[in-house]
Amino acid sequence: MTVAERRVTVASPVGLHARPAARFVTAAAAFDGEVYLARPGGPRVSAASMLAVLTLGVRGGEEIVITAEGDGAEELLDRLAEIAACTAD
Amino acid sequence: MLTVLAPVTGVAVGLDKVPEPTFAQGLVGPGTAIDPRREWQEAVAPITGRIVSFHPHAFVVRSAEGRGVLVHLGINTVRLPLIRGFELLAAQGQDVTAGQPLIRWNPAEVVASGVSPIVPIVALDADGDVISRPVRGEVRRGEPLFRWA
């Protein structure tokens, strides 16, 4: 079982709000394994839940920690990091 | 069964009429959208629960059972912090009752700023087939909009 972790800065000025969050959650939900999102040192939530991600309310410029467990975890984190680093809203 | 109320007064047109693919394709979740009447109005809570995310242009209310409904007041409104008239009537973390006014706004001001005032109402983390009886056409805020099985 591959466990991978990545720290990235959310670049969208609105943070992980509706559209960036939807892209992020859609990618995470398609993964065959567990994916979590947290602020550094904070409690982690499911990255595959829109409600959880919107409730976490990560703002633009904030750092997040993404953790994935399962086959292809590194590739998934590449994709999620790319979405988080996208400056579009 | 959770009854989701219309947060704004206008015409229910369906999510596919939202000029933003993320909503229109249901990536945010299933639901519907209301083209709001172009007048000052108060957007109300669609369900009873806690405000877990609160922005001038969007909010999420989570029920005691853990169901979250997202209401987005207009598309791209986040880029328009200077739009007049997004007055907050509640606060993040507050417990609210379905039908309670949360934000006072004027869709006409949003239109004047050059963006769509359409209001998606989305059941978060829900499969499309659990949404039933969506209203089409004229709807007033506080009236039933759809049911969430």
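Helix H1 of chain A is largely enclosed by the rest of this predicted model, because 9 of its 12 residues are buried (buried means 20 or more other C-beta atoms within 10 Å of a residue's own, exposed means 12 or fewer, and partly exposed falls in between, with C-beta atoms placed from the backbone). Those buried positions are Ala18(A), Arg19(A), Pro20(A), Ala21(A), Ala22(A), Arg23(A), Phe24(A), Val25(A) and Ala28(A). H1(A) covers residues 18-29 and reaches 16 Å from its first C-alpha to its last, close to the 16 Å expected at 1.5 Å a residue (the expected span being 1.5 Å times one less than the number of residues). Helices (H or I, at least four residues) and strands (E, at least two) are DSSP runs, numbered from the N terminus.

Residues are numbered from 1 along each chain as its sequence is written, while chains are lettered from A and ligands numbered from 1 in the order in which they are written. As this is a predicted model, local features need pLDDT of at least 70 and side-chain atom pairs count only at pLDDT 80 or more, whereas totals for chains, interfaces and linings use all residues.

What do the buried residues of H1(A) pack against? Within chain A they pack against E2, helix H2 (50-56) and H3, and from chain B they meet helix H1 (21-24), strand E6 (58-62) and strand E7 (68-72). Two residues are taken to be in contact if their C-beta atoms, placed from the backbone, lie within 7 Å. On that basis, 13 residues of chain A are in contact with 16 residues of chain B. On the chain A side, H1 and H2 are the elements that give two or more residues. By class, this side of chain A has 6 nonpolar, 5 polar and 2 charged residues (Ala, Val, Leu, Ile, Met, Phe, Trp, Tyr, Cys and Pro count as nonpolar, Asp, Glu, Lys and Arg as charged, and the others, Gly among them, as polar).

The largest nonpolar core has 70 residues, and those with the most contacts inside it are Phe24(A), Val53(A), Val69(B) and Leu70(B). Such a core is a set of buried Ala, Val, Leu, Ile, Met, Phe, Trp, Tyr and Cys residues joined through C-beta atoms within 7 Å. Leaving aside its neighbours within four places in sequence, Val53(A) is in contact with Leu16(A), Ala21(A), Phe24(A), Val25(A), Leu37(A), Val45(A) and Ala47(A). Val69(B) sits in strand E7 of chain B and counts as buried because 28 other C-beta atoms lie within 10 Å. With neighbours within four places in sequence again left out, the contacts of Val69(B) include Val4(B), Pro46(B), Ile47(B), Val60(B) and Ile121(B). The C-alpha atoms of Val69(B) and Ala58(B), 11 residues apart along the chain, are separated by 11 Å.

Now for the sheets, where two strands pair if DSSP finds at least two bridges between them. In chain A, an open sheet of 4 strands runs in the order E1-E4-E2-E3, with antiparallel pairing. Strands E1 (3-9) and E3 (45-46) of chain A stand at the edges with a single partner strand each, so one side of each is left without a neighbour in the sheet. E1(A) is joined to E4(A) (residues 63-69) by 7 bridges, with Ala4(A) opposite Ala68(A). Another 5 bridges link E2(A) and E4(A), where Glu34(A) stands opposite Glu69(A). E2(A) and E3(A) pair over 2 bridges, and Tyr36(A) has Ser46(A) as its bridge partner. These two strands form a hairpin with 6 residues between them, and Gly41(A) in the turn has a positive phi of about 80°.

Helix H3 (residues 73-85) of chain A lies across E1, E2 and E4 of chain A, running at about 10° to E1(A). Here axes are lines fitted to C-alpha atoms, for helices over the stretch in contact, and angles run from 0 to 180 degrees between N-to-C directions.

In chain B, 3 strands form an open antiparallel sheet in the order E1-E14-E12. E12(B) and E14(B) (residues 144-148) pair over 2 bridges, with Ile131(B) opposite Trp148(B). Elsewhere in chain B, 4 bridges join E4 (residues 41-44) to the antiparallel strand E10 (residues 101-105), and Val44(B) stands opposite Pro101(B).
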